[in-house]
Amino acid sequence: MSRRPLFPRPTSRPAARPLGPASVQGPSSAQGPSSARGTSAARRPLPLALLAATVLTGLTGCSSADASAGGDVEVVVGYQSKTINTVTAGTLLRARGYFEQQLAAEGKKNGRTYKVSWQDYDSGAPITAQMLADKTDIGSMGDYPLLINGSRAQEAGGAGTRMISVTGYNELGALNSVVVPNGSPAHTLADLKGKKVSTSVGSAADGTLVQALRKAGVQDTEISKQNQQPAIGASALKAGGVDALAQFVAWPGQVVFGGDARLLYDGAALARPTLHGVVVRQKYATEHPEVIGAFLRAQADATRYLNEQPLAASQEVAAATGLAPEVVHLYNGPNGIATFGLPLRPELLAALREDVPFLKSVGVLKALDLDSFVDPSYLAKAALSEIAPARITGTDTVCGQPVTDPAKAGEIWFDGEDATRPAATPACLLKAVKAAAGKKVRAAYVPDATTGTRWFADKDHWAQDGADLLPFTTEDGLKAYLGAHPGAKQIGYEQALAAS
């Protein structure tokens, strides 16, 4: 049977358009691939007055050649506001105005005026389409879309595109997962055979789904795959239109936190790194290296802010996206599912190299010269200092001990408090929740006892093994542990609280 390509190739490649007036577009997923570069639009209110001052609109277009002699330079940034492990190159970066600040500093040195146009999408595929049409200069997306981007650009000829930095990543693959309605009879991935599964075809989540199904002995042709954008798929799951949702952050956490689903499959079970990153049009980057340098410095500023002020950053992202702040913090908080850092780390690049044969096998790309696509030179020129990832620290006051083991450390967010509380172990977290009887818990986060995937304590599956209380994100993970530890027994969350 014929296979639909995961990422449709554009029917034609429009000629590059002259640079025209730029404006801030969004944040809204309504801004789609049909948006023309340089189209004027009403400016929306932004969280910081800085953006209104620095993101300028103009009536006279400038080409790149014009800009070389002084004048206006436009840069179009494609991002995914609700894909929250790209926020340091998108949502948070935009909200805090870091890019505009860096460009304003450049303008003071060279006399140019820089205009930023932000284009918001639901997934990476339309960003690639816009880059191939020379309408978007900088984009952020997941690993599979990044590879497809590079392949399509190389196939189209010309200068192509380059991957220049990483945003958020998870070394085991936990950024992608599969959820099912609470009443679903499915207990393993194999139970999805013959069922309707919503995913964004060509995304990293789709790739995780296909590989996980194969590992479970099910071909992706044995499910009824529904190609839907994340928000549409989440709505379909709630309405009973699909049997499962396979998506990237933050959608699985959002529907589980909302009480509409449970986690069926944790992508960490694949034990394959997954990441998101930044890609640029090489022609634009060659003409305006100062813009790319400014972007990387701004991304570093956003990364530093997220890692140093994780709760405040989570609340800002939630305010900009409409996602629950508790869900954003699940992924982006200290010890979160996503780790944020810019370097093109060897293990992440090795994972990309291993992904290429898989993408070829499913007909997504014909070829990709990864060595020419990944370009560390821009990061090297930016000479950025190392940024430490966010980690849970401090003293667990309930158990009276410092938090030292990230594989066990948890975090509690009580309603009405402007800071979270650290927990040294899952048992200590449960004790803290029980000790604060009558105080509403906004969220309590604990790491899976096997994979380390951080999840909501009250949504986890729990086991008691002697004095240990152990959380697991999925039923599969719990059963595997119980099978290897005959003395352990399954208990519910309320039982775990009582036993703490």
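**Briefing: cavities, pocket and strand pairing**

The largest cavity holds about 100 Å³ of space. This is a predicted model, in which local features need pLDDT of at least 70 and side-chain atom pairs count only at pLDDT 80 or more, while totals for chains, interfaces and linings use all residues. Residues are numbered from 1 along each chain as its sequence is written, and side-chain values use heavy atoms, with hydrogens and water left out.

**Cavities**

- The structure contains 4 cavities of 30 Å³ or more. On a 1 Å grid over the protein atoms alone, a cavity is a set of points where a 1.4 Å probe fits but cannot get out, and lining residues have an atom within 4 Å of a point. Grid points are joined across faces, edges and corners, and a volume is the space filled by probe spheres set on the points.
- The largest cavity has 13 lining residues, and those nearest its centre are Tyr 144, Thr 208, Arg 272, Pro 273 and Thr 274.
- Helices α6 (143-156), α7 and α14 (346-361) each contribute at least two residues to the lining of the largest cavity, and α7 gives the largest share, 3 residues. Helices (H or I, at least four residues) and strands (E, at least two) are DSSP runs, numbered from the N terminus.
- By class, the lining of the largest cavity comprises 5 nonpolar, 5 polar and 3 charged residues. Ala, Val, Leu, Ile, Met, Phe, Trp, Tyr, Cys and Pro count as nonpolar, Asp, Glu, Lys and Arg as charged, and the others, Gly among them, as polar.
- The second largest cavity has a volume of about 60 Å³. Its lining residues include Gln 80, Ser 123, Ser 203, Phe 248 and His 276.
- The lining of the second largest cavity has 3 nonpolar and 7 polar residues, with no charged residues.

**Largest pocket**

- The largest pocket has a volume of about 690 Å³; a pocket is an open set of points with protein on both sides within 12 Å along at least five of seven lines.
- Of the 31 residues that line the largest pocket, Tyr 169, Thr 339, Arg 345, Pro 389 and Arg 391 lie nearest its centre.
- Strands β4 (161-170), β11 (339-340) and β16 are the elements that give two or more residues to this lining.
- The lining of the largest pocket has 17 nonpolar, 9 polar and 5 charged residues.

**Strand pairing**

- Strands β6 (residues 196-199) and β7 (residues 224-227) pair in the parallel sense over 4 bridges; two strands pair if DSSP finds at least two bridges between them. Val 197 stands opposite Lys 225 in β7.
- An open sheet is formed by 4 strands in the order β15-β14-β16-β17, with antiparallel pairing. Its edge strands, β15 (421-423) and β17 (454-456), each pair on one side only.
- Strand β16 (residues 441-447) runs antiparallel to β17, to which 3 bridges join it. The bridge partner of Tyr 445 in β17 is Phe 456.

**Surroundings of Gln 490**

- Gln 490 lies in strand β20 (residues 489-491).
- Leaving aside residues up to four places away in sequence, Gln 490 touches Trp 462, Ala 463, Leu 478 and Leu 482; contact means heavy atoms within 4.5 Å.
- The C-alpha atoms of Gln 490 and Leu 470 are separated by 9.5 Å, and these residues are 20 residues apart along the chain.
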